[in-house]
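Student: I have a model on screen and would like to learn how to read it. Can we go feature by feature?

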Amino acid sequence: MNPANYLYLSALLFTIGAAGVLIRRNAIVVFMCVELMLNACNLAFVTFSRLHGNLDGQVIAFFTMVVAAAEVVVGLAIIVSIFRSRHSASVDDANLMKL
Amino acid sequence: METLIGLLVAAPLLGAGVLLTGGRRLDRTGHLLGTLLSLLSFVFGAVLFVNMLGKDADQRALHSHLFTWVPVDGFQAQVGFQLDQLSMTFVLLITGVGTLIHVYSIGYMAHDERRRRFFGYLNLFLAAMLLLVLADNYFLLYAGWEGVGLASYLLIGFWQHKPSAATAAKKAFIVNRVGDIGLSVAIMLMFTTFGSFAFADVLPKAQDASATQHATVTGIGFMLLLAACGKSAQVPLQSWLGDAMEGPTPVSALIHAATMVTAGVYLITRSGAIFNAAPDAQTAVVTVGAVTLLFGAIVGCAKDDIKKALAGSTMSQIGYMIMAAGLGPIGYVFAIMHLVTHGFFKAGLFLGAGSVMHGMNDEVDMRRYGGLRKYMPITFITFGLGYLAIIGFPGLSGFFSKDKIIEAAYAKGGTEGWILGSAALLGAAITAFYMTRVMLMTFFGEKRWQPDAEGHEPHPHESPSSMTIPMIILAFGSVFAGALFSLNSRFVHWLEPVTGHSEGDSPVSAGTVTAATMVCLVIGVGIAWLMYGRRSVPAVAPRGSLLTRAARRDLLQDDFNHVVLVRGGEHLTRTLVYLDHSLVDGVVNGTAASVGGLSGRLRKLQNGYVRSYAVSMLGGTAVLVAATLLMRAV
């Protein structure tokens, strides 16, 4: 199969993820969209790795997964604690950090 | 011998240090210590003088280098003394007349509880003045110059409990500062042009200055003239001299005869080489001298305060000296000769005036004197001899020295010579007038004194011998000094190796000048006798003509200063304050306000919504990526 198709898919997923982050209010959904963007990148890395015939991209994909897992731990913890104090998972409600 | 030069300055300086820090325990003996140290300084001076006379004329200059004061690369300020004939003349005048004034002050200040301090200041004055005339470079001279300014401030304001005295002291100090600016600028110019400020370097270099340096040398000349104007009370910096009469009378005698006002004449004579190389500056000097000699004489005519009349006279006589010094080599010697004879008779006149005031409950208004010759015979005779000397009575000191200056003025040649000579002759006539007026109002006529505000009738009496003896000695000087100096042109030969001397080519013969001077003298005395001798003097001053009223107000010099300098200064500061508020503050505050406004708008971007931050991150990333791609493409 033409490797470009993987890249098209990766761009499509990244765009969906980015649009989700910008548009959706629910913190969980925003979070999942971030994951979607990360995985779109992973797909691009792996594709390029395949194209160039070396393992660099695949190694970076593993790193990305590890970072994403760590990020999920921290992010979910923040979301849960915000939900506990505000009874809402909307990112627009957590807007205290402003002048 | 070289060590003695240092001791000459050290003796009065030690006196000042001991008297001013010694405290109360010196109250009983302090005045004796001060007088003794001043006398010691005079003795050192006399020893050096005798030693100097024993040498050949061109070997007489002594030099004593003590230490390097400010050793910086290229800038070497030395503390070194130079004693040549010119300095020697001043040393003898300063310490001699100074010592007599010390002795006089013992009697005059006997009842003042701050007498010890007074003698400390007198010693400081002598030390500063000796430093000034003994310095071998302009930098050290400047130190002495400032010391003289300080000491005069302390002494003029000695009776500081009187607001008028405190103000007069401040005025003298501030007006002198203006002159000091001239001296400091002159020293800086010397340093940049000639790389040194020692007399031995600057003066020969100024003499053969290249064409490019010529303008600078003229500038130095003008700045030195400004300095001399400040210290010697010449127009336009003369306003402090009259007010300086607020100080005790011995101080006036010291300032007017031996120290302070003579410093300007010394500076110009010492810097003769600079002025010889700068004819424009010389013209300015003679102009200042001629204007001041008439200015002071006119002021002296109108004053009823005996000390202020004498102050006007000093201004006028110093004008003669400055004019003579501006004439170049034909005048330097005569400027110094008149300075020395003037030192004798003016000190005598001031001490006489102090003696009169002492006997008259400190009354200074001559309209309240009259007929005092019966009550104060010694004061009358000594004052009278000083009077005859200053008007130039034939045979007395002033006759020889003033006559020579008038001759030299004519010898300047051309229209300039005629103008200067005529101004000097006119000055001689006015001098005869105002001094006769002082004499007649004080010692002749009927008595006009009245009880003072507290009802004390003055009992005029002769002063104690500590006051009369100095007056007698000074009277001897007033009578004989001129003849002694003029015999065989002795004074000319004495000073010639230092200042140089050339006989001018006078269009009028010496005999004619002397005759003209005598005519002027007789006219001046005659008019004064008609006005004040034949008629009785009213106890209240008549209104007088416009000129008289202007002269009573010092020819409006204070009014001029007030309108031009004080008001002008106020307007200038107001304008500057306005500019500061509107322009400088406007720029500063405007910058602050615009930065504040801009940041207020930028603040709106931080709205707390995560999604809007995400948009800016995405947008930023997109821009970065686009830019990178674009750069790649290019």
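Student: Which helix gives the most to the lining of the largest cavity?

Tutor: Keep in mind that this is a predicted model. Helix 14 of chain B, residues 306-326, gives the most, with four residues.

Student: How many cavities of 30 Å³ or more does a search of the whole structure find?

Tutor: The search finds one.

Student: Which residues line the largest cavity?

Tutor: From chain B, the lining takes in Gly242(B), Val299(B), Lys303(B), Lys308(B), Ala311(B), Gly312(B), Met315(B), Asp554(B) and Gln557(B). Sort them by class and you get three nonpolar, three polar and three charged residues.

Student: Next, helix pairs. At what angle do helix 5 and helix 11 of chain B cross?

Tutor: Start with the axes. Angles over 145 degrees count as roughly antiparallel. Helix 5 (residues 138-156) and helix 11 (residues 261-270) of chain B have axes that come within 12 Å and cross at roughly 170°. These two helices of chain B are therefore roughly antiparallel to each other.

Student: Which residues make the contact?

Tutor: Helix 5 of chain B brings Tyr138(B), Leu141(B) and Trp145(B). Helix 11 of chain B brings Ala263(B), Gly264(B), Tyr266(B) and Leu267(B). By class, the contact has six nonpolar residues, one polar and no charged.

Student: Now chain A. How many helices and strands does it have?

Tutor: Chain A has three helices and zero strands. Its elements run α-α-α from the N terminus on.

Student: Why is chain A said to be more spread out than a compact globule?

Tutor: Compare two numbers. The radius of gyration of chain A is 16 Å, while the globule rule gives 13 Å for 99 residues, so chain A is more spread out than a compact globule. The C-alpha trace of chain A spans about 50 × 25 × 25 Å along its principal axes.

Notes:
Residues are numbered from 1 along each chain as its sequence is written. Chains are lettered from A and ligands numbered from 1 in the order in which they are written. This is a predicted model: local features need pLDDT of at least 70, side-chain atom pairs count only at pLDDT 80 or more; totals for chains, interfaces and linings use all residues. Side-chain values use heavy atoms; hydrogens and water are left out. On a 1 Å grid over the protein atoms alone, a cavity is a set of points where a 1.4 Å probe fits but cannot get out, and a pocket is an open set with protein on both sides within 12 Å along at least five of seven lines; lining residues have an atom within 4 Å of a point. Grid points are joined across faces, edges and corners, and a volume is the space filled by probe spheres set on the points. Ala, Val, Leu, Ile, Met, Phe, Trp, Tyr, Cys and Pro count as nonpolar, Asp, Glu, Lys and Arg as charged, and the others, Gly among them, as polar. Axes are lines fitted to C-alpha atoms, for helices over the stretch in contact, and angles run from 0 to 180 degrees between N-to-C directions. Angles under 35 degrees count as roughly parallel, over 145 as roughly antiparallel, 65 to 115 as roughly perpendicular and the rest as oblique. Contact means heavy atoms within 4.5 Å. The radius of gyration is taken over C-alpha atoms; the globule rule is 2.2 Å times the number of residues to the power 0.38.
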